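Welcome! Here is a short tour for anyone meeting this structure for the first time. Please have the sequence and the 3D view open as you read.

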2 protein chains.
Amino acid sequence: MTALTWTTLGTAAGPNAHGTRAQPANLLHRPGWAVLVDAGDSAVDQIARAGARLADVRAVVLSHLHIDHTGGLFALLGRRLQPRVGGPLTIYGPPGTAELVGHLTAALRYLADLGHATNPRVSPIPAVTAVEVTEGDEFDLDEIHVRAAVNTHYSFPPDSDDNARFQSLSFRFGTPGRAIVYTGDTGPSLNVAQLAQDADLLISEINDPNRVPPALRDKGPAVAEFVKQHFEREHLSPSEAGTLAARAGVRAIVLTHVGVDDADLAAARQLVASHFDGDIHFARDLDRF
Amino acid sequence: MTALTWTTLGTAAGPNAHGTRAQPANLLHRPGWAVLVDAGDSAVDQIARAGARLADVRAVVLSHLHIDHTGGLFALLGRRLQPRVGGPLTIYGPPGTAELVGHLTAALRYLADLGHATNPRVSPIPAVTAVEVTEGDEFDLDEIHVRAAVNTHYSFPPDSDDNARFQSLSFRFGTPGRAIVYTGDTGPSLNVAQLAQDADLLISEINDPNRVPPALRDKGPAVAEFVKQHFEREHLSPSEAGTLAARAGVRAIVLTHVGVDDADLAAARQLVASHFDGDIHFARDLDRF
């Protein structure tokens, strides 16, 4: 069995444009076969830059439905449809995924009906199936066994309607030879630590809580206070990422969704290392693990 | 009045991934104000790399609804919505544009309803207005006067239902000091030559009719024959692009949507120059004109 590679296609944090990091997306792949894990804007071009083909992608796994993790999905479906690339596709994600995929598929109807004078119509649209998953759900992607766990990225009260409707997931990918856990976006979470127990590789978000994204700098004190609360409760500081890795007992941590300025990466690494003594990698776009 | 710049954000041809060219998109802009002309996958990140801000974009102009020209639209709308970037947006395009924008907006409803425990909901969705235009229609974007003309990219028989439903447009942008004409995708077209009459700058597609995109090389003789017909009738060869520029009497031509392999660019330039004696530029991503 060929070993699977995890490639960080896009390592930016949040929907605002970053000069050198693409939007969040990852590829779990071997030659001729791939699963896209999160589908940020430009994921299709990043797949090609990673040396894989769009036709290789058999499934998409979405951690949550924030636009930085889904912005590339319309292009992915359309760039499969118009040039007739690839076969059936299954999209796994939290509640809301089926609705999202339904609207995006509807948006492609015109394109499916369109031919040229020189060209038969594209219809029918190749099968795209949405599968919604939640806490504890398990599914298989060929030789990979996947388990989902709800994390704390939205942090709604447990019994609230919002908590049922809006879920952010982490995933454990049991692959032959190693277990890989992907946090998606999360705040501190015992549930994620449990999901990641003894994994070989923890692909974790990281966020500098003292950083204010440039686009938010002139928005006033109310927004500044929201950002502070959001970063503290719904993302992982370098110390918290290190603590998660140590608590789970993983062998190595890969930091992605990097909400840390380049100038502060060395300091962030020290903070991770002060809690976790395994291997620490800060990912760049197209790094392979 | 500050002069407007035309930046080629993405210069690839067709929806298949290209290693070094982003999907078709262009920015007509001055500091703090911009119009996006076509919205290929990754347009938002390319806008940032061009030194502009997403918040600057007041309008989108779509030449036609092939996915290489629209794949970035979902991400553009969502990356404005979630971080509350920018104000009202108007999207101009051919018939079908309102339906497309309607489905993409519906796909963002979940995101608009979503807050965090720490964050008020994003709703309501900022106003996005679709305006469908066709042959001869004119509209103004601040100081720019725009005129639309139907081109031959789809080449359906004139009286057919398909010809009414599926239209591909070229646009003339009358800006203070210079007129810029954008062909979008087209085959040879007297209508486009008329639209471009005496323009300062012709932004034209170009396509090597002998080139077979890698993704289509193993699809058999029927697809090969379609591609040949499609390239001959519905795109511009280097000679045809040069002929269009000469016939219209423009001062300069910028070739984008470059369906020419890098190794063949010099030969293509010679072919353009054999018909047109003005300035000839083969665009790369993020070139400014």
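Predicted model: local features only at pLDDT ≥ 70, side-chain atom pairs only at ≥ 80, totals over all residues.

- R80(B) is part of helix α3 of chain B, which covers residues 73-81.
- Although R80(B) is buried, it has no salt bridge. The nearest side chain of opposite charge belongs to D56(B), 9.4 Å away.
- In chain A, nine of the nine residues of helix α3 (residues 73-81) are buried, so the helix is largely enclosed by the rest of the structure.
- Among the buried residues of α3(A) are L73(A), F74(A), L76(A), R79(A) and R80(A).

**The nonpolar core**
- The largest nonpolar core has 75 residues. Which residues have the most contacts inside it? They are L36(A), V60(A), L36(B) and V60(B).
- Setting aside neighbours within four places in sequence, L36(B) is in contact with residues including L9(B), L27(B), I47(B), V57(B), V60(B) and L76(B).

**The sheets**
- Chain B holds an open sheet of seven strands with mixed pairing, in the order β6-β5-β4-β3-β2-β1-β14. At its edges stand β6 (128-132) and β14 (287-288) of chain B, each with a single partner strand, so one side of each is left without a neighbour in the sheet.
- Within chain B, strand β3 (residues 33-39) pairs with strand β4 (residues 57-61) in the parallel sense over four bridges. A34(B) has V57(B) as its bridge partner in β4(B).
- Chain A also has an open sheet of seven strands, with the order β6-β5-β4-β3-β2-β1-β14 and mixed pairing. Its edge strands are β6 (128-132) and β14 (287-288) of chain A; each has a single partner strand, so one side of each lacks a neighbour in the sheet.
- In chain A, strand β1 (residues 5-10) and β14(A) run antiparallel and are joined by two bridges. The partner of T8(A) in β14(A) is D287(A).

**Loop residues to look up**
- P213(B) sits in the loop between β11 (201-207) and α8 (221-234) of chain B. Is P213(B) buried or exposed? With a relative accessible area of 10%, P213(B) is buried.
- Apart from neighbours within four places in sequence, P213(B) is in contact with N16(B) and F231(B). P213(B) and A246(B) are 33 residues apart in sequence, and their C-alpha atoms are 29 Å apart in space.
- S155(A), in the loop between β8 (144-150) and α6 (161-165) of chain A, has a positive phi near 50 degrees although it is not a glycine. S155(A) counts as partly exposed, at 21% relative accessibility.
- D198(B) lies in the loop between α7 (190-195) and β11 of chain B. The phi of D198(B) is near 60 degrees, again positive in a residue other than glycine. D198(B) is exposed, with a relative accessible area of 57%.

**How the two chains meet**
- Chain A is superposed on chain B by a rotation of 180 degrees with 0.0 Å of shift along the axis, at an RMSD of 0.0 Å. The two copies are thus related as by a two-fold rotation axis.
- In chain A, the C-alpha nearest that axis belongs to S42(A), 2.3 Å from it.
- Of the interface residues of chain A, 100% are also interface residues in chain B, so the copies meet through the same surface.

Methods
Residues numbered from 1 in each chain as written. Chains lettered and ligands numbered in written order. Heavy atoms only, no water. Least-squares fit on C-alpha atoms with pLDDT ≥ 70 in both. Contact = heavy atoms within 4.5 Å. Buried < 20%, exposed > 50% of the residue type's maximum accessible area, 1.4 Å probe, protein only. Lys, Arg positive; Asp, Glu negative; His and termini not counted. Salt bridge = Lys/Arg side-chain N within 4 Å of Asp/Glu carboxyl O. Core = buried A, V, L, I, M, F, W, Y, C linked by side-chain atoms within 4.5 Å. Pairing = 2+ DSSP bridges.
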